[in-house]
Amino acid sequence: MAKKRPQTKAKRPQLTDGQIPVVGAREPCPCGSGRRYKACHGRAAAQAVTELVHRPFEGLPGECDWVALRELVPAATVELTLKDGLPEGVPSVTLATVLPMAWPALRRDDGSVLLGLQNDTPSGDLSRDLADTLRRALTAEPGTPVQARRAPADGPRLQDLLDPKGAFEPVVHDGFEFWVPDPENASPDVTASLERANAAAIPTVKLTGVDSAYWCETPEKNHLRWVMPHPEEQLLDALARLHAAGRSSLGEGTRLVGSFRAHGLTVPVWDLPSEVRAEDVEKPAAEFAERLAAALATDAPLSADERRARGGLTNRQVTLS
């Protein structure tokens, strides 16, 4: 038998990373490696999309309140100010904690836009996902919801779309009636969603004397959850100093019990007796803010008691995001 002639493979041109086009995950990678795209250059592309941004609201006015509305507050709205002004036919843009049927956004019949905050997002950059949803809502047909999708990796973020000098002033609601300007003409699905949301909402009040502190009522006890902008290690040291000195409470029967981590910020939490209402903690919270400021300004090493207090607070941290 004749010998088979050796086959030669034509050399494929070498591509740089910036020249690799995006193809299907199971298709051969265009770089010529012979591997599937998902196991080659697609891996880096997926990492770029899913890499977690720990402080997605950093640089926005009201970063602490963004975190509170995302993780802690059931029903609230905020009027947003766009950097380039409102497009024609859009009378307002309103951020809402939750929308009916968990819609990411809604363009109302009058052209106004509601942007939902408490939704699952497909990438690790919440700011980019929300910005993509907002841009699509601004051009959606009036009377239609906006569906979720993965935002382009090079798309704008909220910091690119919102006015950095615009006010961020949350309005906390008792329920979700702001969903439906005309409840009598709401669809059965929206009405049912409204009833379910109202039944699950925890009564919540934003304190007026300090920033980003929210009182809430639960069946057994009430709580104060206070989103703070300070670096975590510095804040935990300061809280430990106050806790060890017996100065971390907000009055008789109250107790600093731990904290949440959420979107790069720390949220100290106090237990309050069930009879303590939001107005009852306004003055104690303002006084605590003064004590905390003094403790934050101290850089002396922690004492043994303060280190034990810090360890206890650290052990009672819960990460929300």
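Biologist: How does the lining of the largest cavity divide by class?
Modeller: In this predicted model, the lining of the largest cavity has seven nonpolar, two polar and two charged residues.

Biologist: Which residues are those, by name?
Modeller: The lining of the largest cavity is made up of Leu60, Pro61, Trp66, Glu79, Leu80, Thr81, Leu162, Asp163, Gly166, Ala167 and Phe168.

Biologist: And what volume does it have, and how many cavities of 30 Å³ or more does the structure hold?
Modeller: The volume of the largest cavity is about 70 Å³, and the structure holds one cavity of 30 Å³ or more.

Biologist: What about the second largest pocket, which residues lie nearest its centre?
Modeller: For the second largest pocket, which has a volume of about 240 Å³, the lining consists of 15 residues, and those nearest the centre are Asp211, Trp226, Val227, Pro229 and His230. The elements that give two or more residues to this lining are helix 2 (63–71) and helix 7 (282–296), and helix 7 gives the most, with four residues.

Biologist: How does that lining split by class?
Modeller: The lining of the second largest pocket divides into 10 nonpolar, two polar and three charged residues.

Biologist: Trp226 came up there, so where do the side chains of strand 9 point?
Modeller: Asn222, Leu224 and Trp226 point one way from strand 9, while His223 and Arg225 point the other way. In a regular strand the side chains alternate between the two faces of the sheet.

Biologist: Are those residues buried or exposed?
Modeller: All of them are buried, and strand 9 (residues 222–226) is accordingly described as mostly covered, with five of its five residues buried.

Biologist: Which strands does strand 9 pair with?
Modeller: On one hand, strand 9 runs antiparallel to strand 8 (residues 213–217), with five bridges joining the two, and in that pairing Ala213 has Trp226 as its bridge partner. Strand 8 and strand 9 form a hairpin, with four residues between them. On the other hand, strand 9 is joined to strand 11 by four bridges, again in the antiparallel sense, and there the bridge partner of Arg225 is Val269 in strand 11.

Biologist: What does the whole sheet look like, in what order do the strands come?
Modeller: The sheet is open and consists of six strands in the order 7-8-9-11-10-12, with mixed pairing. Its edge strands, each of which pairs on one side only, are strand 7 (204–206) and strand 12 (317–319). Neighbouring strands of this sheet are turned by 25° against each other on average, with direction ignored.

Biologist: Which strands does helix 6 touch?
Modeller: Helix 6 (residues 232–244) packs on the sheet and touches strand 10, strand 11 and strand 12, with its direction making about 25° with that of strand 11.

Conventions. Residues are numbered from 1 along each chain as its sequence is written. This is a predicted model: local features need pLDDT of at least 70, side-chain atom pairs count only at pLDDT 80 or more; totals for chains, interfaces and linings use all residues. Side-chain values use heavy atoms; hydrogens and water are left out. Two strands pair if DSSP finds at least two bridges between them. Axes are lines fitted to C-alpha atoms, for helices over the stretch in contact, and angles run from 0 to 180 degrees between N-to-C directions. Contact means heavy atoms within 4.5 Å. Buried means under 20% relative accessible area, exposed over 50%, partly exposed in between (1.4 Å probe, protein chains only). On a 1 Å grid over the protein atoms alone, a cavity is a set of points where a 1.4 Å probe fits but cannot get out, and a pocket is an open set with protein on both sides within 12 Å along at least five of seven lines; lining residues have an atom within 4 Å of a point. Grid points are joined across faces, edges and corners, and a volume is the space filled by probe spheres set on the points. Ala, Val, Leu, Ile, Met, Phe, Trp, Tyr, Cys and Pro count as nonpolar, Asp, Glu, Lys and Arg as charged, and the others, Gly among them, as polar.
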